Amino acid sequence: MPSDPVQALAQEPVDHRFKGLPPDAGQAGLTVGELTAQRRSLYTGGFTTPVLTLDAEALSHNLAALGTYAERHGLAFAPHGKTCMAPQLFRRQLEHGAWGITAAVPHQARVYRAFGIQRIFLANELVDAAALRWVAAELAADPDFRFVCYVDSVRGVQLMDRALQGQSRQVDVVVELGAGEGARTGARTDEDCRAVADAVAGTDTLRLVGIAGYEAEVPGADPDSVHAYLRRLTGLAVEFDKAGRFEGIDEIVVSAGGSAWFDAVADVFAELPELSRPVLKLLRSGAYVSHDHGWYTRLTPFNRIPEEGGLRPAFRLWTQVVSRPSPTQAFVNAGKRDIAYDLGLPEAELVRDPLTGAERPATGIRVLKLSDQHAWLETDSAEDVQVGDWVALGMSHPCTIFEKWPLIPVVEADGTVTEYVRTFF
C-alpha cells in the first residue's frame, strides 16, 4: 500500500460510483490506476454518455497562470479548495507555489487533512464545538500544521473560547471585515472589528494574526468600490499593528481575493506600508483551476489586464442526442443531475459524429431548458444534429460542475485519457 494518500486513489476500483466510465473496466475489476495505464480514447474506449471531461492542456495552463500571477505580484496563494475538492489538483496547486488551501466548512478541512494539506485557511467563522475540538486535536498532533480561520463577532469569539478550553495550542484567527450593508458575512464597521479583536485578546485560546475579507461581496462592485473596500481592509491591518494587536506573532496575515477581482487585490496589497512584522499577503481565488465557458469567462480580471495572462475553459460535458422529435427540437441525455445551471444554462460547443469521428461547431444549436436527465435543444434546421450524435456542452460556475462528478477523465487534444481526477464533496 502506498503511504501517499493521493497515490492511493489509483487503487480505487472502477465501479458503479463513477458516471461515464467504461462498463467493461468495472466488469474486469480494473482499478483507476490500471484504467489510466491503458490510455483509452474518450471516443472509442467504451466511455458512456454523459461524461464530464477536463482538458489536460487547459488545466495545466490555468494552474500555471495564477501561480505565476501571484508570484509576480508578491502574493502568497491559498486557492479555494471548495471549487474542486480534488486532492490531485490541490497537489498540483501546491507544486505551482501555493502557500496552502482555503476551505469554507469543517468537512472540507477534514478532507484536506486526510490528504496531507499542512496549511489551511478557513474563510468562515468556526463556532461548531465538535469541529473546533477536531481542529485542536490536529494542531496538537502535528506541530507543523497551520490553521487560520475568520472571526467576525464577539459572540463567535466567546463560543470558540468555550469550546477550546484546555487545548494545548491556540487557534489563529483573522478578523473578517464585511464588505458593506447587505453583503454576506463579516463585521460591518471598523468599530465592530476592534470589538472583535478586543474579544480575541481577552482569551487564552485564540491568537489574532491578521485581517481578511471578500471583495466580491461589495454591493454593486466596481473598480472604485472594490479598491475602496480593500483599502479599508489594509488600513485596519495598519491600525491594528500600530496598536500592538499583533504582538507575539511571526507574520501578519492580510487576505482577500476571489476570482473576479484579484487584480484589485494585487493593486491594493502592493500599497501596504512596512509593518512591524512580515506580511503574508494571501490571495484565495479558486475557480481559475478549470475556469468556465460563461460566468467567469466574463468576470475574470484577465479581461482587464490581458497583458498579464489569461485562463482557458477546461470543462466539456459530452452528451448524446437520444431523441429528435422535430426538425427544430432535440434532446440530449444530460440534465440537472449532471449539468451546472445556477449561473446560466449550458452552451452547445461541438457536435461529434460517432460513426466518422468528425467534429464541427455546434452552430444553430441552443439549450432552452433542463429536465432532471435531459437538456432541451432548439435547432435551426433538421441537419444540425442527428440521433446518436455527441454534443459537447460548455457550462458556467466550476464549483457546481465539479460537485456532480466524483471521477473526471482528463483528456489530451487527441482524445487520450491520461488521468482521472477524484472529487470529495
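1. Val175, when its neighbours within four places in sequence are set aside, is in contact (heavy atoms within 4.5 Å) with Val151, Cys193, Val196, Ala197, Leu208, Gly210, Ile211, Ala212 and Phe240. This is a predicted model, in which local features need pLDDT of at least 70 and side-chain atom pairs count only at pLDDT 80 or more, while totals for chains, interfaces and linings use all residues. Residues are numbered from 1 along each chain as its sequence is written, and side-chain values use heavy atoms, with hydrogens and water left out.

2. A nonpolar core here is a set of buried Ala, Val, Leu, Ile, Met, Phe, Trp, Tyr and Cys residues joined through side-chain atoms within 4.5 Å, where buried means under 20% relative accessible area, exposed over 50% and partly exposed in between (1.4 Å probe, protein chains only).

3. Pro406 sits in the loop between helix H13 (398-402) and strand E17 (407-411), and is partly exposed, with a relative accessible area of 21%. Helices (H or I, at least four residues) and strands (E, at least two) are DSSP runs, numbered from the N terminus. Leaving aside neighbours within four places in sequence, Pro406 is in contact with Arg17, Phe18, Val421, Arg422 and Thr423.

4. Strands E14 (residues 365-370) and E15 (residues 375-379) run antiparallel and are joined by five bridges, pairing being assigned if DSSP finds at least two bridges between two strands. Arg366 has Glu378 in E15 as its bridge partner.
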